[in-house]
Amino acid sequence: MADNVVYLNFDEGVKRVMNNAKLYVRLLTKFKDGTKLDNLEAALEAGDLEKAQTEAHTIKGVAANLSLTELFNQSLELETQIKAGAVQSGQMETIKTVFNTTILEVEKVIAENG
């Protein structure tokens with residue numbers, strides 16, 4: 001992944017919650033503790049594209065609301081591929097990598113601002 005990839009845009013995220021940094025950090029904590037890729041991965045493996053699309057859409061929406069930029073971008077890409085019925089091999093692995101890196105960034109922000 002390139003160095004210019006933005007995983008978490010703190011300033012934008014805080015603006016989205018009316019400049020309430022404590023609320024933003026609480027929402028990031030909720031994301032970290034509650035968001036899993038298991039359902040998305042299981043749906044894709046089972047060939048349940050409808051469920052997979054719903055899961056990808058949910059992750060995309062949460063990522064957008066929290067300004068988790070790269071997770072949003074990759075979830076959007078996966079959702080688009082699912083809608084087209086042509087999920088590229090490796091896309092789920094990309095999502096997992098981006099998700100795990102995003103979680104590390106979220107943990108840093110929580111540690112610095114919690």
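1. The radius of gyration used here is taken over C-alpha atoms, and the globule rule is 2.2 Å times the number of residues to the power 0.38. For 114 residues, a compact globule would come out near 13 Å; the chain has 14 Å, so the two agree. Please keep in mind throughout that this is a predicted model.

2. Overall dimensions and surface. Along the principal axes, the C-alpha atoms fill a box of roughly 40 × 25 × 20 Å. The accessible surface of the chain is about 6,600 Å², and carbon and sulfur atoms account for 50% of that. Of the 114 residues, 36% are buried.

3. Secondary structure. The chain has six helices and zero strands, which gives the pattern α-α-α-α-α-α along the sequence. Among contacts with a separation of 6 or more, 62% join residues 24 or more positions apart.

4. In soluble globular proteins, nonpolar side chains tend to be buried together. The largest nonpolar core in this chain has 29 residues, and those with the most contacts inside it are Leu28, Phe31, Leu40, Leu68, Leu71 and Leu78. Two or more residues each come from helix H2 (21–34), helix H3 (38–46), helix H4 (49–65), helix H5 (69–84) and helix H6 (91–113). H6 provides the largest share, eight residues.

5. Leu28. What does Leu28 contact beyond its neighbours within four places in sequence? The partners are Leu8, Leu66, Leu68, Val106, Val109 and Ile110. Leu68 is also listed with Leu28 among the residues with the most contacts inside the core.

6. Helix H6. This helix has 23 residues and spans 32 Å from its first C-alpha to its last, close to the 33 Å expected at 1.5 Å a residue. Its buried residues are Gln91, Met92, Ile95, Val98, Phe99, Thr102, Ile103, Val106, Val109 and Ile110. The cover over them includes helix H1 (10–16), H2, H3 and H5. Val106, Val109 and Ile110 are among the contacts of Leu28.

7. Glu79. Leaving out residues up to four places away in sequence, Glu79 touches Gln53, Ala56, His57 and Lys60.

8. Lys51. This residue lies in helix H4 and is partly exposed, at 36% relative accessibility. Apart from residues up to four places away in sequence, Lys51 touches Asn39 and Ala43. Lys51 and Leu68 are 17 residues apart in sequence, and their C-alpha atoms are 22 Å apart in space.

9. Positive phi values. Asn19, in the loop between H1 and H2, has a phi near 60 degrees, a positive value in a residue other than glycine. Ser67, in the loop between H4 and H5, has a positive phi of about 60 degrees although Ser67 is not a glycine. As for accessibility, Asn19 is exposed, with a relative accessible area of 59%, whereas Ser67 is buried at 2%. Both residues can be checked in the displayed model.

Technical notes. Residues numbered from 1 in each chain as written. Predicted model: local features only at pLDDT ≥ 70, side-chain atom pairs only at ≥ 80, totals over all residues. Heavy atoms only, no water. Core = buried A, V, L, I, M, F, W, Y, C linked by side-chain atoms within 4.5 Å. Buried < 20%, exposed > 50% of the residue type's maximum accessible area, 1.4 Å probe, protein only. Helix = DSSP H or I, 4+ residues; strand = E, 2+ residues; numbered from the N terminus. Contact = heavy atoms within 4.5 Å. Expected span 1.5 Å × (residues − 1). Areas by Shrake-Rupley, 256 points an atom, 1.4 Å probe, with all protein chains shown as cover.
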